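Please look at the sequence and the structure together before reading on. The paragraphs below lead through them step by step.

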Amino acid sequence: MLETEQIIAGLEIGTSKVCVVVGELIADGQVRIIGVGQAPSRGVRKGELVDAAQATIDVREAICNAEEMANVEIRSLYLGVTGAHIRCRDSRGVKQIMSDDREITEEDVDDVVHNARVIDLPADSAILHGIRQSFVVDDLQGVPNPVGMVGSRLEANVHIIYGNKLHLNNPIHLVNSLQFEIAGVVFNGFAAALALLSNEQKEMGALVIDLGGGVTNYVAYADGAICHSGVLAVGGDHVSNDLAYGLKIPLSLAEKLKLAHATAIMPQDVKGRTLPINSDTGQLTKTINLEHLHRIITLRLAEIFQIIAQDVGKTGLLDYLRGGVVLCGGGAHIREIQRLAESTFQLPARIGRATGISGIKDALDQPEFATGIGLVKFGSLKQKTAKVSRARSFIQKYFPSLKLL
Amino acid sequence: MSEEQLGNFSIPPLSPAGPNVRVFGIGGAGGRLAAQWAQLGRAGVSFYALNSDLQALRQIAGQSGIATVQLGVGSLRGLGAGGDPEMGRQAAEEQAAQLKSLCQGAQLVIILAGLGGGNAGAAPVLARMARAEGALTLGVVTLPFSCEGRRRNRQAMLGLRQLRAEADAVLCLPNERLLAMSPQGAPLLEILTRSNEFVAASLDSLARILLEPGLVNLDFAALSAVVSGRNAEGAIGTVEVAGEDRGLAAWEQLQKHILLDEGRVFADADAALVCFVGGPDMTMAEIEQVMQPLTKAAKNAHILMGATVDEKWRGRLQVTVVVSQFAESNVENSQAVERPGEPAPNATGAPNEIPLERGRFVAPAIDAGSERSQETLQRQRKRGRRGHDENQPMLPLEMVPRGRFEKSERTVRDGEDLDVPTYIRQGIKLN
């Protein structure tokens, strides 16, 4: 195995920051985070590139920082994407098992999943992920892995996450222009869920909400499989923008006030209180009504959660999310955000922490790195399966009589 | 035109002996155009050149097929009208009886004039006489080049309005547009000859429609249906094509036709008359290829179609289109826009009266001369117009600045723009 294959890097070109996480594959398929690189993002709005030239500079800087910290050279990347154009839908693939012994093989599973990906999508759509949920073997529902079972008819339920090809091409083109190889393109919400949820939590059902700067990604798991995902193109930027608009202050000041004062639930003691704003020279320039500030922020945050609750609720999933709500992204730093989530979804809520992964402790605990870490985790899972399938094809080539599980 | 007169046209009394289309070329430009047309020599059409300038008349007099009439024999003594339409008008009024007799028995009178000059003042008088004789009166006028000065242009617009009030229909051919046909740097004589040839060819094909029996016949009734009605505005264009795919080529050329405002007139047309002239090999498909897009382009128009087969036209196809619109505006719009001070064409106003806008009007001093008081009125009319110009320019679409989200797509969910602060959408007041 080559050295480079053990290094996995994830790149998230976010609205507020560009984040690169570098991981290293260690024994028994575990992955260890060895470096994190960041740069403020200036060419992205609502999760999508608007200024490619600026974004190129920021991405290069973040990658350099990560390489420096990890002391490795990054050649290929897993690219995280998001944007309002990303949608999901469930699909079902069917295959008749024709072999003599009616035993379901790995190829049958691949075929049926492939069949499920052949669906009617809007023009210019590209499928990002086709994630298997469960299989049906003849009349037996909810089979997690049908390989080796005997049946005549195999069905697969697949969750399809797709996006607009034209929008997706922008970040891909950017990374290609920087001479990096793209190992995979991953939906940010899916990556965050991979980083934050343990298998047990996936089994219990959980809703991961990534409160980003430009967009809010959310992914719901139930019975161990992803069953709903979405992007709401409203994020922290909207909070700042609302403040700038409502308090009649410049956006930069609104950003500062948001970081210093944001609270998800209206505090009790702000009525009538004001906040003096001093200029650099110490002169009083403006007095801000704290009640207004908090009202603007809480209304916006409550709305974000309500929209998500509505969207997830439509699928009837809310009752299956026993694992509760897991929050990540920069928005997870907002005070009382857990309480707001709990009251909106009527579910326990917590701030996410990367699981099943080791390495730099600081990075793992930061909710805003969840997506980057998830990208690395996605990469490690992919390489593991690639390794297994490579080994399998090798064995099948030279020992065709061997039957593999 | 009254109903009863219209009735006359429905059974055209075609007498093979006497010509029943008369073409009057008034003034220098009109005379030359008439002479040009006379050279094409169509049976059933007689040509007259009317001018108060004897010198100009003598140039035409030698040519066969065109008669000359001197205007203002007594008052102007053959010296021309000096660029004053009022003089031309008076001269024509003096000879009203003579003009009337010239129109006698005619079914169609076509008045050709270059507006802006002195003799053009005779055109409305002649139109009145022709109508009094019961003829369908069609004015075909050219407007001066804009470089000929404001005064001439103003006179032309006034003359156009007067003629429009008197004639059944006026086809207006701005010289500027004709100029655009000629290559840059072409000699003046060539430009004028070319534009005259061009107009003459169009008019000749119109006469052909009316005079020659067609396969699908068009007659005076058809023409009156298209052009009659006071103040109708029109345009005429003719194209000739030969070779393969004649139908498609003809439509293409019609769309580029300068006199048809590059095909734009169709959209506003209320009526259109389309005539095909072709050889015995003319196919229905060719006609279809022109008519189908034309019907589509002229959605609101009442369309009449005619076709003539002529052995001489084997392998060729000529399409002539006459369009008119009954409502005011458009054909000379480009001219009107250039001079916003000019009076808008007024359907009801008497020919010599300048319509005044309401309000902001102060009567000129009593002791002021007629020249001065006219000037005052003119100025005030202009001032009033500026206040409520019908052609108010459209404001550019104003974009509400979107701050942080300037360059991004709006986040719209269930018709709600989520980029707008939540408290505003929920109507919560901050105070």
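This is a predicted model: local features need pLDDT of at least 70, side-chain atom pairs count only at pLDDT 80 or more; totals for chains, interfaces and linings use all residues.

If one takes the contacts in chain B whose partners have a separation of 6 or more, 77% of them are accounted for by residues 24 or more positions apart.

In chain A, the strands can be followed through an open sheet of six, whose order is 11-6-1-2-3-19 and whose pairing is mixed. Strand 11 (181-187) and strand 19 (358-359) stand at the edges of this sheet with a single partner strand each, and therefore one side of each is left without a neighbour in the sheet. Further in along that order, strand 1 (residues 7-13) and strand 2 (residues 17-25) of chain A run antiparallel and are joined by seven bridges; as a point of reference within this pair, Gly10(A) stands opposite Val21(A), which belongs to strand 2.

Another pair in chain A deserves a careful look, namely strand 13 (residues 216-222) and strand 14, which pair in the antiparallel sense over seven bridges. The two strands form a hairpin with two residues between them, and in the turn Asp223(A) has a positive phi of about 50°. Across the pair, Val219(A) stands opposite Ser229(A) of strand 14. Is strand 14 of chain A buried or exposed? Eight of the eight residues of this strand (residues 225-232) are buried, so strand 14 is largely enclosed by the rest of the structure.

It remains to consider how the chains meet. The contact draws 23 residues from chain B and 24 residues from chain A, and the area buried between the two chains is about 2,200 Å², with carbon and sulfur atoms giving 56% of that area. Two salt bridges are found across this interface, and one of them links Arg425(B) with Glu303(A), whose closest N and O atoms are 2.6 Å apart. On the side of chain B that touches chain A, helix 16 (residues 422-425) of chain B gives the most, with four residues. Sorted by class, that side of chain B has eight nonpolar, six polar and nine charged residues. Between the two chains there are also 10 residue pairs in polar contact, counted where both residues are at pLDDT 80 or more.

Technical notes:
Residues are numbered from 1 along each chain as its sequence is written. Chains are lettered from A and ligands numbered from 1 in the order in which they are written. Side-chain values use heavy atoms; hydrogens and water are left out. Contact means heavy atoms within 4.5 Å. Buried area is the accessible area (1.4 Å probe) that two parts lose on being put together, summed over both. A salt bridge is a side-chain nitrogen of Lys or Arg within 4 Å of a carboxyl oxygen of Asp or Glu. A polar contact is a pair of N or O atoms within 3.5 Å; within protein, one must be able to donate a hydrogen and the other to accept it, and residues adjacent in sequence count only if both atoms are side-chain atoms. Ala, Val, Leu, Ile, Met, Phe, Trp, Tyr, Cys and Pro count as nonpolar, Asp, Glu, Lys and Arg as charged, and the others, Gly among them, as polar. Buried means under 20% relative accessible area, exposed over 50%, partly exposed in between (1.4 Å probe, protein chains only). Two strands pair if DSSP finds at least two bridges between them.
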